[in-house]
Amino acid sequence: MHCQTLVLGAGIVGVSTALHLQARGHQVIMIDRDEPGSGTSHGNAGLIERSSVIPYAFPRQFGALLRYGLNRQPDVRYSLKYLPKAAPWLLRYWQQSAPARLAGAAADMLPLVQRCVEEHDALIAAAGLQALVQSKGWIEVYRDPALFEQAKRDALSLGRYGLRYEFLEHAQLQAREGALDGAVGGIHWLDPKTVNDPGALTRGYAALFIKRGGQFLQGDARSLRQDGERWQIDSRRGPLSANEVVVCLGPQSADVFERLGYQIPLGIKRGYHMHYDTRDGVQLKHSICDTQGGYVLAPMARGVRLTTGIEFADSAAPGNEIQLQRCENLARRLFPNLGNRLDRQPWLGRRPCLPDMRPVIGPAPRHKGLWFNFGHAHHGLTLGPVTGRLIAEVICGERPFTDPAPYSAARFD
C-alpha cells in the first residue's frame, strides 16, 4: 500500500494532524499500535485550557525546592532510583524556568493557546460531539488565605492576555460549588472548556477522519525506515509506503527519532487518574483544581475523575499509588461526598515534555519528508487541533498562522 502521508500516532495530536492534512487534500493513513485515543489522550483532566498562558515551570524558590526535595508533596513525586537518570533533564528544565526564559516560552506558546478553543470548536461541530463539551470553565480553589491573595495578584498581572475570570470569596464559592469544604476562595477561569470523556472526543475525531475517507491501521512505528525518497512501515495489513511521515507519538516519539539519530531531550512526566462515585447524589458542577494539592477533580461521563500532578519515574516502571493516595486524602477533605473508587487500578499516563516548555513542530532537519509534532507536555488535549493545523500548513506550503520557528527540532541540534 502507498499513500501520500503517514501520520504515526492516533492520540489527540495525531488525529488532529491527520484531519488537517486530509482537509488540504492529502491522502492520509494513520498508524498506531492501539486504537485511537487509548493513551494519554484518554486519561487527562479534560481541560481545553485557554487560560494556561504561562507554562508549567520548575520551581526556583529555595523553600519550594526544599519541600519537593523531601519527596512528601502531593503534586510532585520522584523515584529515588530514577533521579540520577533524570537529573540532567531536570537541570535543563530548571535553567529554562528562569524568569526571562519563562517569559520567552510564554510568548512563544501564546499563539497556540489563543487558538486552542476555536480549533476544537470547528472539529467538535464537524464531528457532532457537542454533548461531550461544556463551556463552564474551571475553578481553582485555595485552602490558604495567603496563597489565595497571591493568586489574585497573579491573575491581575495577566491582564494583557485578555482572560476572563471571577474571584470567588468563600460565600461566592459556596454558592457556585456548595459541596466543597475547607476552601477559603477560588478563581473561576471562564475561557477554557471541559470535556467529560477525552478518549471519546479523540475517538470521535478519528471517526470523522475515517468518514472523510481516511484510513486507520494498526502497526509498529518502530519499524519506520527510509527507502530512497519514500518511507516504509509495517502494519497488520502488510508494509506501507509514503512520501511523507509525521511523528505524533507523544511519549513514544523517541522510539522513532532516536533511531534516526536525533538527540531531542524528550522527558516524561507521569500521572495517574481514578474514577469515583459520589455520596448522597451530590455532583460537582465544575472541574476543580486544588492548587496546593496539585490535582484536578473533574465531573466525567463515568463519575468524578481525580487526575494527579507529576511523577518523575522511569516511563516503563510499574505504577504505584503513593501520589494518588496523597491526592485522594486531600480530595476527600475538600469534597467530602467523594465516594468509592470505580476503577480496579489507577490509570497511568505519560506526558511528553521538553525542558524549554515548547513542543517540537516542523521538519526533521536531516531527513526529507519526515516531520515532527510532539512534546505538548500537560496540554496535549488543549493543543492537539491547533498544532495539527500548524504542521499541516507548514507541510502544505501555506502561510502558517504563526511563526513555527520557536518549535523547530533544529533548536536541539
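# Reading the inside of a fold

Author: Let's start with the lining of the second largest cavity: by class, the lining has 6 nonpolar, 6 polar and 2 charged residues. Here Ala, Val, Leu, Ile, Met, Phe, Trp, Tyr, Cys and Pro count as nonpolar, Asp, Glu, Lys and Arg as charged, and the others, Gly among them, as polar. This is a predicted model, where local features need pLDDT of at least 70 and side-chain atom pairs pLDDT 80 or more, while totals for chains, interfaces and linings use all residues. Residues are numbered from 1 along each chain as its sequence is written, and side-chain values use heavy atoms, with hydrogens and water left out.

Reader: How many cavities of 30 Å³ or more does a search of the whole structure find?

Author: General idea to begin with: rolling a probe the size of a water molecule over the atoms shows where empty space is left. A cavity is a set of points, on a 1 Å grid over the protein atoms alone, where a 1.4 Å probe fits but cannot get out; lining residues have an atom within 4 Å of a point. Points are joined across faces, edges and corners, and the volume is the space filled by probe spheres set on them. In this model the search turns up 2 cavities of 30 Å³ or more.

Reader: What is the volume of the second largest cavity, the one you opened with?

Author: The second largest cavity holds about 80 Å³. It is lined by 14 residues, and Gln134, Thr194, Val195, Ser287 and Pro299 are the closest to its centre. Strand 9 (193-195) and strand 15 (295-300) each supply at least two lining residues, and strand 15 gives the most, with 3. Helices (H or I, at least four residues) and strands (E, at least two) are DSSP runs, numbered from the N terminus.

Reader: And how much space lies in the largest cavity?

Author: About 220 Å³. Of its 21 lining residues, Pro55, Tyr56, Met357, Ala377 and His379 sit closest to the centre. The lining divides into 13 nonpolar, 6 polar and 2 charged residues. Helix 5 (99-127) and helix 11 each give at least two residues to that lining.

Reader: Is methionine 357 buried or exposed?

Author: Buried means under 20% relative accessible area, exposed over 50%, partly exposed in between (1.4 Å probe, protein chains only). Methionine 357 counts as buried because its relative accessible area is 12%. Alanine 377, with 25%, is partly exposed.

Reader: Now helix 11. Which residues is threonine 382 in contact with, leaving aside its neighbours within four places in sequence?

Author: Contact means heavy atoms within 4.5 Å. Threonine 382 is in helix 11 (residues 380-395), and beyond those neighbours it touches Leu47, Ile48, Glu49, Cys116 and His120. Threonine 382 is at 2% relative accessibility, so it counts as buried.

Reader: Which backbone atom of leucine 47 lies 3.0 Å from a polar atom of the side chain of threonine 382?

Author: The backbone oxygen of leucine 47. On glutamate 49, the backbone nitrogen is 2.8 Å from a polar atom of the threonine 382 side chain. A polar contact is a pair of N or O atoms within 3.5 Å; within protein, one must be able to donate a hydrogen and the other to accept it, and residues adjacent in sequence count only if both atoms are side-chain atoms.

Reader: What about histidine 120: which element is its place in?

Author: Histidine 120 belongs to helix 5, and at 0% relative accessibility it is buried. Apart from neighbours within four places in sequence, its contacts include Ile12, Tyr205, Leu381, Thr382 and Pro385.

Reader: Last one: why is the sulfur of cysteine 116 too far for a bond with the closest cysteine sulfur?

Author: A disulfide is a pair of cysteine sulfur atoms within 2.5 Å. The closest sulfur to that of cysteine 116 belongs to cysteine 289 and is 16 Å away, so a bond is out of reach. Cysteine 289 is in no disulfide either, with the nearest cysteine sulfur, that of cysteine 327, 10 Å away. Both are buried: cysteine 116 at 0% relative accessibility, cysteine 289 at 14%. Across the whole structure the search finds 0 disulfides.

Notes: 1 Å grid on protein atoms, 1.4 Å probe; cavity = no way out; pocket = protein on both sides within 12 Å on 5 of 7 lines; lining within 4 Å.
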